[in-house]
Each structure stands twice: as C-alpha cells, then as structure tokens.
Amino acid sequence: MEILSSAGLLAGLNSEQLAAVTWPAQPALVLAGAGSGKTRVLTTRIAWLLQTGQASVHSILAVTFTNKAAKEMQLRLSALLPVSVRAMWLGTFHGLCHRFLRLHYQEAGLPKTFQILDIGDQLAVVKRLLKQLNIADEVIAPRSLQGFINAQKENGLRASQLTARDPHERLMIECYAAYDSLCQNEGVVDFAELMLRSYEILQSNEVLRSHYQNRFNHVLIDEFQDTNKLQYAWLKLLAGEHAAVFAVGDDDQSIYRFRGAEVANMTRFLHEFGVSEPIRLEQNYRSVGNILTAANAVIAHNASRLGKNLRTEAGSGEKIRVLQAINDIEEAQFVVDEVKALHREGLNYMQMAVLYRSNAQSRVLEQALFRAGIPYKIYGGLRFYERQEIKHALAYLRLTVNPNDDNALLRVINVPARGIGARSIENIQAAANETGISLWQAATSLAAKNSKIAAFVHLIENLQAQAAQVSLPELMAAAIYDSGLMEHYRTQKGEQQERINNLEELLNAAVAFKPQESGFNLEPEYDENDPLSAVLSFLSTASLEAGEHQAGQGEDALQLMTVHAAKGLEFDGVFLTGLEEGLFPSEYSMAERDGLEEERRLMYVAITRARKRLYLTMAEQRLLHGQTHFALPSRFVDEIPEAVLHYLSAHKNSLVSRQQTTQRTNPFHSRSKLAETPASTDFDGFQLGQNVHHERFGTGVIIDATHKAEGARLTINFGKQGIKELDTVFAKSKLTIIS
DNA sequence: TAGCCGATAGTTTTT
DNA sequence: CTATCGGCTA
C-alpha cells in the first residue's frame, strides 16, 4: 500500500492550519473559529505525527466529547493513513475512562461486570435512596440531589471532601455519601463516576499513573472550551510532565456552562502549560461574508474572550433576512413559505435548519410544517436506548451479568406483570436491608416461600446459564422472548407496534454488534471467545452511545433543533427563530452572572451554522405556558450591523422587502397597517401589545394594563431597562405610541 | 394492577 | 397549554 508523503498530507492547508498541524511536540492551544477546519487540523496532526515517526498509535491519546466526533475522527484518520487506528486511544472522555476502568476494574475496586447508569437509571437510584432514608421529596427533590451529586463529581469532589454550610446541605452531602456506597454495593457507576474514578485511580496508583504518563506522549483534545474541572485535571494528570498536549477549542462557542463546562480552562491551560500565545484559525470555509460580519459583530460585544475574528475568501453573499411577525403562528408560517420557496429553487430540505432556543418553541413550527406537508425531523426527545421497552430488555441482560444491580431488578421484576406486586417487592427489600444483601440475593432466598418469585429467579438463572454459552444475539432474544416482554407488548392494547418494532430493532443491533469496533475492547485483555465480553460491550455501548435522537435517516427532511443541538453542524439555509428578549437571550440566563455572555455565544454559534442564507425571525406575541407574552426583538439583532441586514415585511409572499432606505430608527416598530393587533380594549389611549417609547426607559411594549378611576395603569416591558409599572395620569406625556 | 384524576411545573443537555 | 407524576379508586 502506498504511503502518502508528508507533503501530500499537508497539501491544501492554509498557513494557520499548517502551523497548527506541524507544531512541535510541545503544548499548544488552537483557537479554532467556527468552520475553520478544526477537525481537519486535528486529524491531520495525528496523521502527521504518525507518519513522521514522532508518535506511534500507542502513544497517542485523542479525546472528544461526543461519539459522533470520535467516529468522525476515526473515519478521517483511516482515510489519511493505511495504519490501523483501532489500537489508538481515541474516544470520548467517558468512553476512554470506561475503557480504563474495564482494564483496571480490580484497581478501581469494581466488579468485572460493573454497569453504567445513564441519567434515568441514576435518577431511579436517587429516588430509591431517598425513600430508603425516609427523606420526603419536599425536603430533597430527587432531581436536585442528582444534580448536586453530579456537580460535585464533576468538580472532582467526594462527599468526604465537602463541608456543609447549612443543615440542608449537610443532608445533601450525607445523601451523596449514601448514594456512592449504594452504587458501590450494586456494582454500578454513573457517567461522572466513570471520570472521577479513573482520575482517582491515576492519582493514587503510581504504577498505573507512570505507565500511562510514559505511554502517551501526545494528548489531543477537541472542544476544549467544554471541559469541566475534572476533565481538565484528568488530562493534566494523564499528560504528566512530558506529553505534548494539543488542545483545540473556541472560547466563543462555549455554551455548556450550565453543565459544568469552564471556559476558564483555556486561559488556565495557557498558564499552566506554559503556552505564550494560542494558534488562531480564523479563516472560515463555511459562511459567506455577511454572515461572518454578523457573527463577528455580535460576539465582539462580549468582554471576556481570547479574541478572534473570522474572515472568508468567499464573497459577502446575500444579506441576512430579518422578519418580525405578529405572533408565533405567523412566524412559523413565514418559515414554511420560505422553506417551500427555497425547496422550489432546488435546495434540499436536509440542507435547511430551523433553530430555536428552547424545545417548547418547536410545537408551533411543527404544526405549520405538518399542515404544509413539508417533511421535517426534530432532534431531541427520547433516544433509542432510552426507550422504555429497550431499557426493560437491557435490564434483563444487566441483571444476568450483574445480579447485584438492584436498579435492573426493580425495573423488570414485574414487567411483564408476573404477580409480584408492591407488597412482595417490599418483602424482598426488607429482607435485603436486614442482612445487607442485594435484592437478587434476597429474592433467591424468598423463592422457596413464594412461587411467583421463584419463577422470576428461575427465569434469570436460566438467562445466566445461557450467558456463558450462547452468543449475544441469542441471549438478547432470550431476554426479550423468554421474559415474556415481547408477548407483553403484543397483547397489550393500544399503540404498541412501535415498541415491538423497537425490540426487533434491538435484536438487529445485537446481531450486527461488533465488539471489536465498539471502542472498548481493543486491549489484549479482551477475550473475544468469552460471550460475556460481548454482552458487557453491548451493554456499555448502549449506555454510552444512547443512539440517534430520532430515526428516519436518509430521508430528505427539514432539520428542527435547538441551537445547542446545532453546534458543530452546518446548513445552506438557517432559520433562527424566536429572537426575542426574554427568550433569546433567555430570562433565566440573564439572572446569572455572565449569563448574557453565554447567551451571546449561543447566538454566535447559531449564526455561524449558516453557509449561505440566514433568516432571523421573531414574534411580537407568543403563546407560552398557555399565556400570551409580548416581547421586544432580541438585543442580539441590534448588535448586527444594519448593512448586512435586510428587513422583510410580514405579509403575503414574504419576500417583499422593506425599502432599505426607510428611516430605521427601529424598523421593528414600523408595523404595517395590515398587521394591526386584533381589537383590544383601550386603556386611556393605550393598548396591550403596543410598542411605546418613554423618554427615560426607551422603547418598550405594553404587556399588561388595568383601568383606574382616572386613566390606567400600564405594565411595560422595556427590555434592558426591565419591566415598569406606569400610571397614565403621570406618564402619558412621557410616552409616545410608536406602533 | 390498570387507569383515571388532579396537582404541578415548565432553558439549554455532548456522556 | 400540555407532559409528567403521584395518589387514589374500581
């Protein structure tokens, strides 16, 4: 096989990219702007390191956040190099930690068959724990405890390392400790535990630490701005003194602070790894000039940044189309009309996306699209391996490989119903608590007295016997059919066909599953002749790669998703909807410190998704939680230079543009006569939803009003200035109606 | 043990 | 508005 020359590998890179790819074996921080060829730089660097003999596949550690990104890198890498990238430690933080723990389960104090808890499983454990400790939901809400535990773990802190500031916190910490020991007893680990446990082992076990520190001399990280405290510490520990850490990220695209991501890790990296200046990738290969101008202008309003300005060699392109609709329904209709028009012009639906800040906004869009017969695909919602029937089927498998998994037992002991009711389960739990054994052990001891329990025990024992002998698909089939699960869904009334299909799909997945490719079994310890290894891999993959959000691949469909979900994606045409104060930027975020900057980064991410055409839309009125809300256009729209914007009127064939030269004190407020709000009561000359100007507070919208003996009392949302209550008797002279 | 009812809450979510 | 959950009843 011909080996590509180094020159061939590097051909076509721009000077910035070349500098990054061929950076010497020293720490580097690459500031990779949106659409600047980040993945290419990352993969080419790895290929270059390998090809020039600076590194071997064994000495490279490459980390991503998503499975998608990891797969993408693996794919591109194998296209660049004839070597097998299988042996490389390339994967997600959690995937790699998982591999580490499987390899060193003994050092980690875990059973060989330990199982992974996803968020749903974790919540179930937390609920069970609180019940066990007799703590009411009102005292500690399960979700808040779950959040607390995860946040602490992501900060690298165990319960024993925490000090309480108040009694409530002390209780939370006690629960955290109890939770950890519960998980330990049951042989299960949550996502954060995968990381924390790995980190702790590396820290305490010198043999392992020096082994890995010596092994990895190149550590590469993607999306570095999204790392949390623990991930940073883990990387630093693994890298040791000598590894060349190559961190790639974009501080302007840090949008996961609510999940513990710390942008500050970027500056921290510069200091702690002695990097004087980041390498900037500012050449954008995605968007036309006007879109980049908008993105640059918006993000320039943020104070805390490392600084970066995207440029393109493409032309300025079309202007960004802006539309303020009367309400959310009209906004959705506009999107429908434009999507239709673009599709007629030859653009695939797939190449267009409708983005919104929160999932709740999708409904109106969905209805309009459905009515118009436009195929669409919504991202978000339940993923394949999170579905009830799938989790049930997998719980049988989990119980088979790890009978101490109380979670799994409780999930399936009476699904399908086999006469083990609440009181029987209570008996089992009581027996287990008494002697400190697992539910499974308690159940086996109670089987002699209870035939229903005996039947269940027999079912699981039968699966266990098969596990050692039959293949994964056969075991999966046994779990689905012998348990009666399939029969259960077949005989249940209602729309169960979907669940049956999913169970069949699960069987297909088991048949198609290749443990060697699951990314967890690349080490010599993996025994491909041991059926149990395949089952463990399958279960782990199910937890760590919960699958696609929605099926229906291959179909040409319009893409609907939140801005968060759109990160990393790109489309020819993008509709950025719901650009209203309070919604985007969201009200919640504005209460938080630096919350507005995070929202602005989100806006930056949203804008930079578009290649050629970008629409910014907003509604004056929107139905939220069953109530009509009035809002002003998002401040982010005002932050975009007028020169790249093109205002559209809200009516008929939508593309009718408003004269560019129209005096533009505030184009949003020059509402057309046709678009007048439906008759509303008069409040001393004012109306609900009206836009007004106040000499001190600026522009606002009347969101509430009450009649008074004399005049009226108006509640006005002045956006940045806040919501004010004004009395017309006093304020009338200071208020001007502008629409 | 399913099914119904009322109360409740309701940003974003890579693993 | 509307999805979800816990408690209660048939």
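**Notes on a predicted protein–DNA model**

1. Of the atoms of DNA strand C that come within 4 Å of the protein, 42% belong to sugar and phosphate. Here a residue is near a strand if one of its heavy atoms lies within 4 Å of it. The surface near DNA strand C has no nonpolar residues, two polar and two charged.

2. A word on the ground rules. Residues are numbered from 1 along each chain as its sequence is written, and chains are lettered from A in the order in which they are written. Local features need pLDDT of at least 70 and side-chain atom pairs 80 or more, while totals for chains, interfaces and linings use all residues; side-chain values use heavy atoms, without hydrogens and water.

3. Next, have a look at the second largest pocket, with a volume of about 940 Å³. A pocket is an open set of points on a 1 Å grid over the protein atoms alone, where a 1.4 Å probe fits, with protein on both sides within 12 Å along at least five of seven lines; lining residues have an atom within 4 Å of a point. The volume is the space filled by probe spheres set on the points. Its lining runs to 38 residues, and Arg-128, Asp-406, Leu-410, Gln-429 and Leu-439 lie nearest the centre. By type, the lining has 15 nonpolar, 11 polar and 12 charged residues. Helices supplying at least two lining residues each include H6 (119-132), H8 (167-186) and H24 (531-544).

4. Rings of Phe, Tyr and Trp (its six-membered ring) pair if their centres lie within 6.5 Å, and planes over 60 degrees apart count as edge-to-face. The count comes to 18 aromatic pairs. Phe-513 and Phe-538 are edge-to-face, because their planes are at 80 degrees, with ring centres 5.1 Å apart. Phe-513 sits in the loop between helix H23 (497-512) and H24, and Phe-538 in helix H24.

5. Buried means under 20% relative accessible area. Phe-538 is buried at 2%, and Phe-513 is buried at 16%. Leu-544, also in helix H24, is buried at 15%. Leu-544 and Asn-67 are 477 residues apart in sequence, yet 8.4 Å apart C-alpha to C-alpha.

Notes:
Helices (H or I, at least four residues) and strands (E, at least two) are DSSP runs, numbered from the N terminus. Ala, Val, Leu, Ile, Met, Phe, Trp, Tyr, Cys and Pro count as nonpolar, Asp, Glu, Lys and Arg as charged, and the others, Gly among them, as polar. Rings of Phe, Tyr and Trp (its six-membered ring) pair if their centres lie within 6.5 Å; planes under 30 degrees apart count as stacked, over 60 as edge-to-face and the rest as tilted. Buried means under 20% relative accessible area, exposed over 50%, partly exposed in between (1.4 Å probe, protein chains only).
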